[in-house]
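Have the viewer open while you read.

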Amino acid sequence: MLEFQNITKIYESKKKQIVGVDNVSLTINKGDIFGIVGYSGAGKSSLLRCVNLLERPTSGKVLVDGVDLTQLSSSELRIARLKIGMIFQHFYLISQKTVGENIAFALRAAKTPKNRIEQRVNELLEMVGLTDKRDVYPGQLSGGQKQRVGIARALANNPSILLCDEATSALDPKTTLSILRLLKEINEKLGITIVLITHEMDVVKEICNRMAIMQDGRVVETGEVYDIFAEPKEPLTQEFIKSVVSFDIPNEILKDVKGQIIKILFKGEVAGEGVISDTMQRFNVKGNFLHGTIEYIQERPLGIFIMELQGEIAAVNEAKHYMEQRGAIVEVV
Amino acid sequence: MFDFPYFISMLPDIWKAFKETIIMIAISVSISLVIGLPLGILLFVSDKGMFWENRFIKNVFGFAVNLVRSIPYIILLVALFPLTNLLIGSTIGPVAASVSLSVAAIPYFARLVESSMREIDKGVVEATIAVGATPWMIIKDVLIPEARSSIIRGVTLTIISLVAYSAMAGVVGGGGIGDLAIRFGYYRYDDTIMIATVAILVILVQLIQLTGELVAKSIDKR
């Protein structure tokens, strides 16, 4: 488990103080894939770097499995860092050492016996699918392969937490997906808690189970990814969700709309289509789909439909009420 | 202008001077590598934001380096006579000249090492700190390998500067090619020796530069 308790990070520059992280408290459970989303400058990177104290918080505590890292001596901190893996947007491999040597470096940091190192390097290379690249230098690898080496290095000492600092932001969509799948696999197989920061909602939607949205150093919203996608509360959250699930209807279409436009949301197992067709049959209303999608988040369906309802006001209201009774969330747009 | 038979007759003297130059450079380069490399690393890792951040060390060594570097070599050479006498027992000859050459080259090379390390992406160092590496591991397995190529270029620059300095050392009896150039070429208006020594120095510097560049390129794995 990873806990941030009232973390504040203030950067002192010559003229003024800049608040990077502003009194953030968050709990990340064991086995979570936790996404922290925000625009650049929101403080998410600073917050992440407070976990392994690459940056020391100005005030507040970071508890990793109950241990307050800010209280450790420098050699204790070094030992604690062995159990916190980290990967980076720009990979940061040692360019003058081979893939195998880069991974072995992490193992040597943990004083792994020499005869164990080679075996463990091979295990890790197999895990990330790079067995044939052991003696190659990072310069000869593609971005996705470099990130795989980064992951192997980060996992070398069996960490309990893996920190991902914009780990897929420098990669193309296809490679991003393969790296995300690998992270998910690692999370499931090894039970490693993953904390990732990103500005791409797609990444969160793909693998995270819980998330937080940051703005100006503060966490504005946090919760289950599914719930946040279904019902984002804060304007910033809605903006981010829009980047993935957009319901913009062209003005040309809106001009011809005569009835009431409603947004219907079906969460989880509720079979969306059935409810809508039942409603149309029961009440004297005409329904007209303007937009619709079923998103699968954490393998749970989330149905969102935009409809135009035509008919008597009373009938329309009854229809909406009926849909709500059947488990839908109805909202007039 | 260039008297070829005379040049041939002078070859033994030129050869002797050449050997002296090589001795001076070899001794002073070795010493400046052995002391300058750790000093350069120290300057780098004690800097702000680094893992051995230490303002006192940074300032003391930084000041010492700047101090030596701001003294013109010819003055340093004379000022170090007492030290040279103490160490070598003489102030004349290539070995004696190596003392002041080393003192001049150490801070020069140290600064080059420091700036080579500054070129390393901070993220790479940070990533290895995050991995839990010890400072010694970071120096040995990250800073030195990553800066290796650039350090080799620094060695090249240091050697070339030493070739120039060694000519000055000749003025006060250090011997070497520079000494020959000044004694014959300058004092005696001996064009043949002047041209020959300058040509030797030009070729020497070109060779050092070429070799340095080749080595630097061949060990870079990027």
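## Helix packing and the chain contact

The crossing of α5(B) and α7(B) is right-handed (near helix turned clockwise from the far one by less than a right angle). This is a predicted model, where local features need pLDDT of at least 70, side-chain atom pairs count only at pLDDT 80 or more, and totals for chains, interfaces and linings use all residues. Residues are numbered from 1 along each chain as its sequence is written, with chains lettered from A and ligands numbered from 1 in the order in which they are written.

α5 (residues 94–118) and α7 (residues 135–171) of chain B pack at about 150°, axes 8 Å apart, so they're roughly antiparallel (angles over 145 degrees). Among the residues that meet are B:L101 and B:F109 from α5(B), and B:I151 and B:L157 from α7(B); contact takes C-beta atoms, placed from the backbone, within 7 Å.

Over in chain A, α3 (residues 99–109) is mostly covered, with nine of its 11 residues buried (20 or more other C-beta atoms within 10 Å of the residue's own). The cover includes α6 (122–130) and α7 of chain B. Just after α3(A), A:K111 takes a positive phi of about 55°.

As for the chains, 20 residues of chain B touch 22 of chain A. α6(B) gives the most to chain B's side, seven residues.

Here is the make-up of both contacts:

Terms used. Axes are lines fitted to C-alpha atoms, for helices over the stretch in contact, and angles run from 0 to 180 degrees between N-to-C directions. Helices (H or I, at least four residues) and strands (E, at least two) are DSSP runs, numbered from the N terminus. Angles under 35 degrees count as roughly parallel, over 145 as roughly antiparallel, 65 to 115 as roughly perpendicular and the rest as oblique. Two residues are in contact if their C-beta atoms, placed from the backbone, lie within 7 Å. A residue is buried if 20 or more other C-beta atoms lie within 10 Å of its own, exposed if 12 or fewer, and partly exposed in between; C-beta atoms are placed from the backbone.
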